[in-house]
Amino acid sequence: VKRYPIDPFTPAVELAAAIRRKEVSPVEVADCYLERMDEFDPRLNAFCHRADDDVRNAASAAAGAMVRAASAGDLPPFHGVPLPIKDLLDVAGWPTTHGSAGASKAPADASHPVVQRFADAGFVLLGKTTTSEFGAVPFTESGAPGISRNPWDPGRTPGGSSSGAGVAVAAGLAPIAHAADGGASIRVPASCTGLVGLKPTRAWSPTWPSTWKALPPAACSPAAWQTPRPPWTCSPAMIRRPGGHPRPRRGPSPAL
Amino acid sequence: MTMAPPAGLRIGVLAESPVNGISVDPACAAAVHTTVRTLESAGHHVVDTPLRLPPAGELIAAFTTIWNVGGAGVALADPDRVEPHNRALREAARAIDSWAYTEGVRTTQQLSRRIIEAFLTSFDLLVTPTMACLPPHPSEPGEQAPTKIP
């Protein structure tokens, strides 16, 4: 059995705490997950875009920021914790395929606001995860990303459309992952892979600028996954009132 | 940041699919019952009232109007390489005028508020199976159709 500097199934919150206590460095953490991706992803297909150099650079920058920080309290909450982005959102410098063979492979100019918030929260962006085309069906088996497989049983689907996000966390290729849900695309893969899938209340996270999931009734709420520990512990990274959001959050009253 | 666990929550249960013709796998139904028993043993109580839902056909028809525009806004280098099911959605979307689309948005908002109102009136928590089936098997390359997923 290969020895890693961390348990790759450590929940993101505990990993963040271990990094903050300097028990493990962001570089060691990133290398651990990249190594596991090398080993397991050829079979499972969670990732559709890898950018290992960018990942290592971001992890090194996070390590450098720890040296410079006067105290751990100055660091953002998920400092140095890796998190992959579902391939429906732009990450500056990486292509966005939306799971489609018809998409442009050109790198995105700028990151989606949700991606920027994850980065601001300290996450190291760990590549992009597979989705069915446009996130339209609850499995990923198409020609562009190929077949994503369930780590519990590679003969079964991990569900979708956030297929790669579920696979990555369930297989210990990431401690937590971004995902998106307009019609169960977080909930189905969470169910298929035995994870907690958090779909925040609509409009608690920015859907703009986005594609169809910005449409009012089917709005997507970018969210995250983690191993079965309290999902709300990741909320501060994602759930706050966005600037520039077209629909301000309202109270929980049914009389909206 | 620790909070006392909530006590005495009203638990609603929706163990069957509101959509006709979709049965719930016994394993998924069993997971619901296990969860409900766990909640009961933690001091919460099951409310014996079903969640009031609008006719599924009405909701699906309105929602589909919106769902069909799924690929809109995605810049494509080669639209001919879009998968057949998404091409069909795009064609269906283009056959709907803005009046009908707006009706779909309005109806979906109205129906969803009715569901939320019924939920908030009766329950604090609703337990449902996430999936109605076990994770299906992927189709292998060369097969005609993906594994059927309800």
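This is a predicted model: local features need pLDDT of at least 70, side-chain atom pairs count only at pLDDT 80 or more; totals for chains, interfaces and linings use all residues.
1. Residues are numbered from 1 along each chain as its sequence is written, chains are lettered from A and ligands numbered from 1 in the order in which they are written, and side-chain values use heavy atoms, with hydrogens and water left out.

2. The peptide bond that joins G160(A) and S161(A) is cis, with omega about 10°. S161(A) belongs to the loop between β5 (146–147) and α5 (163–170) of chain A; here helices (H or I, at least four residues) and strands (E, at least two) are DSSP runs, numbered from the N terminus.

3. K22(A), a residue other than glycine, has a positive phi, near 65°, and is placed in the loop between α1 (12–20) and α2 (26–44) of chain A. Its relative accessibility is 60%, so K22(A) counts as exposed, given that buried means under 20% relative accessible area, exposed over 50%, and partly exposed in between (1.4 Å probe, protein chains only).

4. F134(A) is not a glycine either, yet its phi is positive at about 60°. This residue is found in the loop between β3 (124–129) and β4 (141–142) of chain A, and F134(A) counts as buried because its relative accessibility is 2%.

5. Chain B contains 4 helices and 3 strands, which follow one another along the sequence in the pattern β-α-β-α-α-α-β. Its radius of gyration is 20 Å, well over the 15 Å that the globule rule gives for 150 residues, so chain B is more spread out than a compact globule; the radius is taken over C-alpha atoms, and the rule is 2.2 Å times the number of residues to the power 0.38. The C-alpha trace of chain B spans about 55 × 40 × 40 Å along its principal axes.

6. Of the 150 residues of chain B, 30% count as buried. Where contacts (heavy atoms within 4.5 Å) in chain B link residues at least 6 apart in sequence, 78% of them join residues at least 24 apart.

7. Chain B exposes about 9600 Å², of which carbon and sulfur atoms supply 59%; accessible areas come from the Shrake-Rupley method with a 1.4 Å probe, and for residues only the protein chains shown count as cover. Chain B carries 11 positive and 15 negative side chains, the centres of the two sets lying 5 Å apart. Lys and Arg count as positive and Asp and Glu as negative, without His and the chain ends, and each charge is placed at NZ of Lys, CZ of Arg, CG of Asp or CD of Glu.
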